[in-house]
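Reader: Please take a close look at the cavities in this model and describe what lines them. I would then welcome a connected account of the helix packing and the disulfides.

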Amino acid sequence: MFRSMLLAAAALVSTGAAAQRAMNDIQVVGSHNSFKAQIPTAVMAKIRAADPRMAEGLDYYHLPLARQLDRGVRQIEIDIFADPQGGRYASPKGEAWAKAAGETTSFDRAAMLKPGYKVFHIPDVDYISTCVTLVRCLGEVNRWSRAHPRHLPIMITINAADTPSGRPGIGNPIPLDDKALLDALDGEIRSVLPGKRLITPDEVRGTAASLREAVHTRGWPTLAAARGRIYVLLDVRKAVSDVYRAGHPSLAGRAMFGWYPDDQPESAIQIVQDPLVDGERIRRWVGEGVIVRTRTDAGTVEARSRDYAKANAAMASGAQAVSTDYYPGAPDPLHVGFAVTLPGKAMARCSPVRVSGGCSLQP
């Protein structure tokens with residue numbers, strides 16, 4: 001009888017702890033440049049002839065977003081390019097090269113002619129996406145999310161390389177340090193993810209004096225409240241981040257979180273590129289309540305050598321999102337068999353920094 005009472009009490013404590021677990025108490029596998037489609041053979045040959053190292057770094061691609069989510073990916077990255085008039089990216093040089101070589105591609109010129117944010121990696125050369133516009137990409141994630149309403153929260157990182165690359169033959173993007181363009185970006189996001197579909201800075205901040213104070217004191221929403229929902233992080237250069245928060249203290253009214261220095265009132269999420277170098281800093285931030293996204297591999301380097309040191313460091317750091325080009329089932333054009341999961345081939349677990357003794361993430 002006494003033993004049964006102890007077991008029942010332990011179960012209640014465990015259940016209570018699970019009920020109070022926050023959305024930043026988890027660690028998930030994510031994907032990098034999640035929209036990226038395979039570069040046509042003729043285009044890759046041109047890149048390789050001009051810059052072999054660049055070609056090596058671009059020799060990967062991804063499954064469509066919904067299929068990644070089916071495989072347990074819970075953080076995705078989308079690269080955006082402003083195109084308010086439409087047509088700016090409708091005639092990439094790479095498509096002309098592919099056609100001249102007799103290749104048929106999935107490039108969607110009709111979608112490129114319409115106004116709105118476009119999604120691809122590099123103008124003219126890595127120009128094909130599995131979801132050509134931001135609205136399409138978000139729509140694919142939203143449909144999957146609605147069909148799986150108890151999923152762990154999905155982090156979407158929106159990245160914008162909005163300055164000239166300096167490389168010959170690559171077109172220049174439109175700079176994003178413009179309030180109207182950023183307001184339009186928020187508008188596109190909310191058009192697909194309205195209301196409570198999004199976890200927003202306003203929700204996380206609540207009545208706290210700042211967003212930073214909220215995550216360092218009261219904390220993030222509970223995991224139960226975050227299930228079935230999506231949150232977005234804007235990963236851009238400082239000038240764009242500053243315009244995004246201008247007139248929106250602590251990102252009031254904004255659709256996205258931003259990447260700001262840790263001492264700023266808008267700071268809630270950090271991006272760390274190399275967990276081997278900055279593992280201790282990640283652990284400190286995670287322990288303080290900050291959400292961190294980091295990388296397990298980059299530019300096919302780790303895949304080619306089957307080097308899991310960065311992946312292991314990312315997992316041990318407790319970073320909530322560990323991003324890879326090689327989740328289970330990802331295309332493997334290098335035929336190297338490199339794949340990143342969490343321990344036990346899991347795609348999600350409780351953070352080893354924030355939750356001791358392991359846990360179950362079942363709804």
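Author: The second largest cavity is lined by Ile80, Phe81, Ala82, Ala160, Ala161, Asp162, Pro173, Ile174 and Leu176 (a cavity is a set of points on a 1 Å grid over the protein atoms alone where a 1.4 Å probe fits but cannot get out, and lining residues have an atom within 4 Å of a point). The model is predicted: local features need pLDDT of at least 70 and side-chain atom pairs pLDDT 80 or more, whereas totals for chains, interfaces and linings use all residues. Residues are numbered from 1 along each chain as its sequence is written, and side-chain values use heavy atoms, without hydrogens or water.

This second cavity has a volume of about 30 Å³, the space filled by probe spheres set on the points. Its lining divides into eight nonpolar residues, no polar and one charged (Ala, Val, Leu, Ile, Met, Phe, Trp, Tyr, Cys and Pro are nonpolar, Asp, Glu, Lys and Arg charged, the others polar). In total, two cavities reach 30 Å³ or more.

The largest cavity holds about 90 Å³ of space. Around it lie Met23, Ile26, Val28, Arg74, Gln75, Pro153, Met155, Tyr231, Ile291, Val292, Gln320 and Ala321. Strand 1 (26-31) and strand 8 (291-295) are the elements that give two or more residues to this lining (strands are DSSP E runs of at least two residues, helices H or I runs of at least four). Nine lining residues are nonpolar, two polar and one charged.

Turning to helix packing, helix 13 (residues 275-288) and helix 15 (residues 309-317) meet at about 10 degrees, with their axes 8 Å apart. They are therefore roughly parallel (under 35 degrees). Pro275, Leu276, Gly279, Ile282, Arg283 and Val286 of helix 13 meet Ala309, Lys310, Ala313, Ala314, Ala316 and Ser317 of helix 15, contact being heavy atoms within 4.5 Å. The residues of this contact comprise eight nonpolar, two polar and two charged.

Helix 8 (residues 179-192) and helix 12 (residues 238-245) pack at about 70 degrees, their axes 9 Å apart, and are therefore roughly perpendicular (65 to 115 degrees). Lys179, Leu182 and Asp186 of helix 8 make this contact with Val240, Val243 and Tyr244 of helix 12. Four of the residues in this contact are nonpolar, none polar and two charged.

Finally, the model has two disulfides (cysteine sulfur atoms within 2.5 Å). One of them joins Cys131 and Cys137, with sulfur atoms 2.1 Å apart. The link of Cys131 and Cys137 is right-handed, with 95 degrees about the S-S bond.

Notes: Axes are lines fitted to C-alpha atoms, for helices over the stretch in contact, and angles run from 0 to 180 degrees between N-to-C directions. Angles under 35 degrees count as roughly parallel, over 145 as roughly antiparallel, 65 to 115 as roughly perpendicular and the rest as oblique. On a 1 Å grid over the protein atoms alone, a cavity is a set of points where a 1.4 Å probe fits but cannot get out, and a pocket is an open set with protein on both sides within 12 Å along at least five of seven lines; lining residues have an atom within 4 Å of a point.
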